[in-house]
Structures are given as structure tokens and as C-alpha cells.
Amino acid sequence: MMNLALQYPIFGPDIECPHCRQTIQALTLTDTYLCPRHGAFEANPESGELVHLQSGRHWRRWNSEWYRQHTHPDGIRFEIHEALDKLYTQGYRATRVIIARRYQELMSGYLERTTPWRSGQSEATSARLYGLPVEFSPEAVEEPCWEVINFDLDKEPGVPVRYPYFRLFE
């Protein structure tokens with residue numbers, strides 16, 4: 001008797017499309033999932049990634065949620081901007097952005113830098129994005145989720161004092 005699990009890619013017989021979230025089926029005896037709207041996605045058993053064949057974009061999964069793996073700072077900046085907009089529509093404001101440490105070098109040139117107002121102080125410069133303080137995550141060995149997820153937003157109820165997120169790509 002043949003093991004049915006061997007007929008499907010590593011994520012099983014169906015997954016949610018990372019783009020549109022509709023359930024898409026695996027093509028049996030392949031490593032491919034096919035979305036009627038977005039085309040083919042190939043599961044890579046070695047890396048645990050899902051690759052959109054048309055665009056070459058990569059996703060990884062954490063707690064049943066797909067996270068795009070970015071190679072350019074504009075991709076992660078846009079994703080953070082969308083999350084800030086979503087918070088705003090839900091009645092929250094972000095107070096801090098925590099970005100995965102693996103993006104620290106990629107993002108360093110795109111962060112706003114502020115220095116203490118007294119030049120003699122030894123405080124380090126603080127990085128900001130869309131007017132919010134930025135911190136980088138712990139190493140992935142300490143907290144494995146940071147190997148997959150891209151960022152997290154600290155939030156509190158209320159609307160932003162000054163809605164700074166309109167400055168998407170300044």
C-alpha cells in the first residue's frame with residue numbers, strides 16, 4: 001500500500017494562497033500548488049519555503065501563516081506600511097516597530113536617524129521608520145519565530161497623534 005502523504009508536497013494536500021488566502025490544491029506527485037488567480041507555487045522541501053514561480057517571491061510559514069521573505073527594503077517597508085494602515089482602521093496606533101534581525105543590514109539605509117539633542121550625551125542614535133521607534137529582534141536561535149516572521153508592531157488603543165504613515169517612500 002502506498003503512503004498517501006508521499007503524493008503531496010511538504011505542506012499537504014492544500015494550503016492557503018499567500019496572496020489571496022483562498023484554499024489551493026496541491027498537484028499530486030509534484031511539489032506544486034496551483035492558485036487559479038496567482039498561478040503556480042512550488043514547495044521546496046530542503047528550505048521549507050514556498051516559491052511563487054512567476055515572480056520568484058519566497059514565503060515561509062509560522063503558526064499556519066505565510067510570511068514573505070524579502071530581498072529588497074521596499075518590500076518590507078511596504079508590508080509594514082500596510083500593517084500600520086490596518087491597525088489604524090482597527091482603532092489602534094503603533095508605538096514601536098520590531099524588525100527581524102536578519103533585515104538589519106538591508107534596512108539600515110532606510111531608517112530615519114535621530115540623535116540626542118545634547119551633543120555631549122553618550123546615548124546612541126535611535127532609528128525610526130514612519131515616525132516610530134525601530135528595534136531589531138533577538139537572534140533567531142533565541143526566538144525561532146524571528147527566522148520566519150518579518151516584523152511585529154507594539155500597539156495601543158487610539159489613533160495616532162500625527163498620522164505619520166502617509167510618507168510611504170520618502
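Two strands pair if DSSP finds at least two bridges between them, and the strands (E, at least two residues) and helices (H or I, at least four) are DSSP runs numbered from the N terminus. The model on screen is predicted, so that local features need pLDDT of at least 70 and side-chain atom pairs count only at pLDDT 80 or more, whereas totals for chains, interfaces and linings use all residues. Residues are numbered from 1 along each chain as its sequence is written, and side-chain values use heavy atoms, with hydrogens and water left out.

Select the open sheet of five strands, whose order is β9-β10-β11-β8-β12 with mixed pairing. Its edge strands, β9 (112-114) and β12, each pair on one side only. Neighbouring strands are turned by 40° against each other on average, direction ignored, with axes being lines fitted to C-alpha atoms, for helices over the stretch in contact, and angles running from 0 to 180 degrees between N-to-C directions.

Next, select β8 and β11, which pair in the parallel sense over three bridges; here I99 has F136 in β11 as its bridge partner.

Then colour the largest nonpolar core, of 23 residues, in which I80, I99, L129 and V134 have the most contacts. Such a core is a set of buried Ala, Val, Leu, Ile, Met, Phe, Trp, Tyr and Cys residues joined through side-chain atoms within 4.5 Å, buried being under 20% relative accessible area with a 1.4 Å probe and protein chains only.

How values were computed. Buried < 20%, exposed > 50% of the residue type's maximum accessible area, 1.4 Å probe, protein only.
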